[in-house]
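Colleague: Could you walk me through how to read a few features here? I would like the general idea, then the case at hand.

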Amino acid sequence: MGVNARAIGAIVTARLRAQRRVIASCSMAAIVVAFLQPHGIPPVKTSLEADLLTRGVWLAGPAFFCGLLGIVVAMIQRGGERMRQLELLENSAPIFGRELARATAAVPLIAATISTVVYWIAQFLAGFAAAPTYFVLALASVLASTLVALAATLRRGTGRWLYIGMAFATSAIAYLLAVYADTFGTAPGQLGHYPDAIGVATELTFCAIVGFVALRQYGEALARYDPIPER
Amino acid sequence: MPALQMRDAAFARAGEMLAGRISLELDDGQRVARAFASGREAAIVALMASGGVKATSGSVFIDGFDPKIQPTQCKRLAGYVPHELLPLEFASFERYIEYRAALWNLDGERARGHARHLLEHLDGVHESFAYPLVGALLADPIVLVLDRPQAAYASRMLAVAGSRAIFSTHASASEAAAWA
């Protein structure tokens with residue numbers, strides 16, 4: 001195992017151990033909300049309305065709630081006495097900012113992924129069989145917003161709130177693309193065999209670009225970050 | 001070339017001077033203990049001296065390397081012992097040493113042996129203070145930086161640290177005197 005993979009593995013393991021209760025709590029919350037989420041779709045007149053409502057209901061719960069969980073877990077990666085101790089150890093180690101960024105980003109991403117998976121499983125158990133495509137769409141949105149929120153942990157004041165706002169905006173934009181892109185992107189009859197193709201493609205592309213840029217920026221910010229005590 | 005050199009090194013944020021201006025030069029075997037106005041300033045100076053925080057004015061060199069340009073080289077050469085207690089996640093000494101060995105890319109078996117040897121010489125020192133010192137010495141740094149270490153353990157910890165350059169920061173002159 002190379003130096004970077006070994007160091008990254010050690011950091012991820014230590015942080016996962018430190019946050020195991022948080023991850024368990026997020027998973028439990030995801031299960032509860034998945035069971036409580038209203039799944040009924042009101043009677044509609046047209047197939048277009050039915051399609052939009054189905055997509056909207058299927059995606060809203062996991063995308064927004066698990067996105068919120070991802071943002072919360074991202075925010076607790078820094079600050080607090082317990083994480084401060086780990087942060088000082090990691091900061092004193094001879095590893096580059098981008099490697100540290102990958103390692104510290106892995107933990108909220110793992111927590112967010114577990115939450116989304118258990119949410120999806122709970123939906124199935126509740127008798128609401130969301131298609132696997134919607135799980136992928138929800139997961140992409142959750143991971144992208146989590147990565148954007150990570151940058152907020154390295155900033156203070158207005159800058160922090162700006163990044164938190166951008167994380168929520170990422171969730172909202174991904175949701176709108178997944179639900180509405182097909183409606184405005186294709187005329188009836190086009191892409192008949194792949195009715196969700198544009199929605200799926202635009203949402204995944206958007207989340208991939210936002211996530212990639214957010215992780216790069218987090219790495220650069222982490223390389224410049226000075227972990228001085230707040231008081 | 002000095003093991004640690006600080007020339008008017010200071011740290012400011014949003015126009016507020018939080019630490020500095022510090023000037024010192026440390027060669028192998030030399031020791032400097034310096035008291036600061038607050039624990040926060042002592043913590044920031046210790047971080048600057050170990051390459052963990054970049055000075056916003058002045059300069060810091062660790063064996064000739066500049067933390068602003070070569071941060072990873074500096075962190076290999078400087079051992080940093082934080083004031084904060086050991087994280088609770090390390091339930092055992094072995095687990096903590098494995099973690100340190102992974103971050104510094106040291107051979108695991110050799111690191112464990114070295115760590116046990118160092119720990120034997122810290123008999124009587126509470127593990128919350130002994131473990132971080134052992135961890136900092138694992139990679140055999142040329143300069144050891146201690147952030148507000150306990151005065152009660154000064155003689156034992158200095159003996160284990162050996163003949164390398166040692167810089168300690170303190171929040172009071174009486175504590176600094178114990179490490180001078």
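**Salt bridges, burial and strands**

Modeller: Let's start with a pair: the side chains of Arg112(B) and Glu109(B) form a salt bridge at 2.9 Å, N to O. The term means a side-chain nitrogen of Lys or Arg within 4 Å of a carboxyl oxygen of Asp or Glu. This is a predicted model, where local features need pLDDT of at least 70 and side-chain atom pairs count only at pLDDT 80 or more, while totals for chains, interfaces and linings use all residues. Side-chain values use heavy atoms, without hydrogens and water, residues are numbered from 1 along each chain as its sequence is written, and chains are lettered from A and ligands numbered from 1 in the order in which they are written.

Colleague: How far apart are Arg112(B) and Glu109(B) in helix 4 of chain B?

Modeller: In general, an α-helix has 3.6 residues a turn, so residues three or four places apart point the same way. Here Arg112(B) and Glu109(B) are three residues apart in helix 4 (residues 108-120) of chain B, or about one helical turn. Helices (H or I, at least four residues) and strands (E, at least two) are DSSP runs, numbered from the N terminus. Glu98(B) joins Glu109(B) and Arg112(B) in a network of salt bridges.

Colleague: Which parts of chain B does the pair Asp140(B) and Arg164(B) tie together?

Modeller: Side chains of opposite charge can pair when their charged atoms come close. Asp140(B) and Arg164(B) meet at 2.5 Å, N to O. Asp140(B) sits in the loop between helix 5 (127-137) and strand 6, and Arg164(B) in the loop between helix 6 (154-161) and strand 7 (165-170), so the pair links parts 24 residues apart in sequence.

Colleague: Is Arg164(B) buried or exposed?

Modeller: Buried means under 20% relative accessible area, exposed over 50%, partly exposed in between (1.4 Å probe, protein chains only). Arg164(B) is buried at 15%, whereas Asp140(B) is exposed at 52%.

Colleague: Which way do the residues of strand 5 of chain B point?

Modeller: In a regular strand the side chains alternate between the two faces of the sheet. In strand 5 (residues 78-81) of chain B, Ala78(B) and Tyr80(B) point one way and Gly79(B) and Val81(B) the other, and all are buried.

Colleague: How many bridges join strand 5 and strand 6 of chain B?

Modeller: Two strands pair if DSSP finds at least two bridges between them. Strand 5 and strand 6 (residues 143-147) of chain B are parallel, with four bridges. Gly79(B) has Leu144(B) as its bridge partner in strand 6.
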